[in-house]
Amino acid sequence: MDHAAPQDRVVAGLNAMNAGTLGERMEIEFLEASPERVVARMPVKGNTQPYGLLHGGASVVLAETVGSIGAALHAGPDRIAVGLDINATHHRAARDGYVTGTATALSLGNTLASYDVTITDEDGRRVCTSRITCLIRPKAPGA
């Protein structure tokens, strides 16, 4: 019998789904997940640009990951969520440690889900702000 809390099972399942994906390559680790809020962290090391700073594209990957997972959880098992729009503003550099992305639902509709994503460093300073909107579609037959 599985005695893990439902939240723990969801997070463990999401971390297991990372195998063989960009999320695994970037070492993204989910910490919390629900349709309303998704939290994950990622190391700066290995995700930098040539100057040793966190790559802006890495921040966007983290933002899209947490927002898309929130939208997928909102969509449920019979539908899929695909990214429709994302933007990002980079506020400060991160040089080491981990950054944490937190996606908070802005709107959870039948066909669209939008999230505000904040990425912070280990001192709680905002590194990046992003917004992602996902389109919710029926699953393709046989998918």
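## Nonpolar core

A nonpolar core is a set of buried Ala, Val, Leu, Ile, Met, Phe, Trp, Tyr and Cys residues joined through side-chain atoms within 4.5 Å, where buried means under 20% relative accessible area (1.4 Å probe, protein chains only). The model is predicted: local features need pLDDT of at least 70, side-chain atom pairs count only at pLDDT 80 or more, and totals for chains, interfaces and linings use all residues. Residues are numbered from 1 along each chain as its sequence is written, and side-chain values use heavy atoms, without hydrogens or water.

The largest nonpolar core has 30 residues, of which M42, L54, L62, V99, V117 and I119 touch the most other members. At least two core residues come from each of α1 (6-17), β1 (29-33), β2 (37-43), α3 (56-75), β4 (98-108), β5 (112-120) and β6 (126-138); these elements are DSSP runs numbered from the N terminus (helices H or I, at least four residues; strands E, at least two). The largest contribution, seven residues, is that of α3.

Strands pair if DSSP finds at least two bridges between them. Eight bridges link β4 and β5 in the antiparallel sense, and three residues separate the two strands in a hairpin. A103 has V117 of β5 as its bridge partner.

β5 and β6 also run antiparallel, joined by nine bridges. D116 is bridged to R131 of β6. Five residues lie between the strands of this hairpin, in which G124 has a positive phi near 80°.

Beyond neighbours within four places in sequence, V117 is in contact (heavy atoms within 4.5 Å) with A63, V66, T102, A103, C128, T129, S130 and I132.

T118 lies in β5 and counts as buried because its relative accessibility is 18%. With residues up to four places away left out, T118 touches T100, G101, T102, R126 and C128.

Key: Buried means under 20% relative accessible area, exposed over 50%, partly exposed in between (1.4 Å probe, protein chains only).
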